[in-house]
Amino acid sequence: MITRSATLNVMMSAARKAARGLIRDFGEVEQLQVSLKGPSDFVSSADLKTEKILRQELQKARPAFGFLMEEGGRIEGSDASHRWIIDPIDGTTNFLHGIPHFAISIGLERDGEIIAGVVYEPVHDEMFHAEKGAGAYLNEHRLRVSARRRMDEAIFATGIPYKGRPGHRQFLADAEAVMANSAGIRRFGSAALDLAYVAAGRYEGYWESGIKAWDIAGGIVLVREAGGYVTDFDGQGDMLQKGEVVAANDQLHRPLFSLLQSVRKDGGHPD
Ligand code: IPD
Ligand code: CA
């Protein structure tokens, strides 16, 4: 039996409760996919509903904590040191297209540091959870990052910018460097799950820029507690502020980081 703090239990049960409606809505999306109207409006309302349940549940249990949410923005709490950072559906584009790869992400920040994280993938009932100093878990199983040491055996996930997002040229330069040195790149479409999968040793690392705090807050502590490293592109810990992340197992963080730095020297590739 693993022992979990009351706070982590609150986070996990909020995620499970919110996921019940989300799974029903996902079933609907699969139907709407083939209709002319399309599922977009429906998905926005699923996002809002999910966030509302998460907020209600977390607020009930810890009334003083603040919030930073994808939909609802920032809400100050009377406890200035704690806040929840929430993404109700990370992987919205997948959800919208009926692709079963999306998650609820909840991070708990204390004085600027993420101390607990939950990433719940409801389709396969995978509950990734971690607390600082207490290890990372997938359901009841302890997680450990992968043991691969060689770049040419490693696979790395990333996010690809699209229309309306900056960073296209920089992404192409990053990808060119990583593909030439690794066993491959994956783009699954959920940053929260990308971090969770690094923690689970499913792939060796993940990098992305132009990302928001709620995409990554739940997953950062998972990787660290599973024995991996997470930094920004300067090797510092300002991922949430800068909106960039380099995460990998303990052996390959440095080589991945160095590759990404090498394509950023002299100012990188501005759009
Ligand atoms: C997106 C996903 C995706 C990442 C994007 C995010 P959303 O979040 O995490 O993997 O590449 O940068 O915006 O829109 O699905 O909540
Ligand atoms: Ca997101």
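Visitor: Which backbone nitrogen lies 3.4 Å from a polar atom of the side chain of Ser146?
Guide: That of Arg148. Please note that this is a predicted model, in which local features need pLDDT of at least 70 and side-chain atom pairs count only at pLDDT 80 or more, while totals for chains, interfaces and linings use all residues. Residues are numbered from 1 along each chain as its sequence is written, and side-chain values use heavy atoms, with hydrogens and water left out.
Visitor: Which side chain does a polar contact join to that of Ser146?
Guide: The side chain of Glu204, at 2.7 Å. A polar contact is a pair of N or O atoms within 3.5 Å; within protein, one must be able to donate a hydrogen and the other to accept it, and residues adjacent in sequence count only if both atoms are side-chain atoms.
Visitor: Is Ser146 buried or exposed?
Guide: Ser146 counts as buried because its relative accessibility is 9%; buried means under 20% relative accessible area (1.4 Å probe, protein chains only).
Visitor: Changing topic, at what angle do helix 4 and helix 8 cross?
Guide: The axes of helix 4 (residues 168-179) and helix 8 (residues 253-262) cross at roughly 135° and come within 9 Å.

Conventions
Chains lettered and ligands numbered in written order. Axes fitted to C-alpha atoms, helices over the stretch in contact; angles between N-to-C directions. Helix = DSSP H or I, 4+ residues; strand = E, 2+ residues; numbered from the N terminus. Buried < 20%, exposed > 50% of the residue type's maximum accessible area, 1.4 Å probe, protein only.
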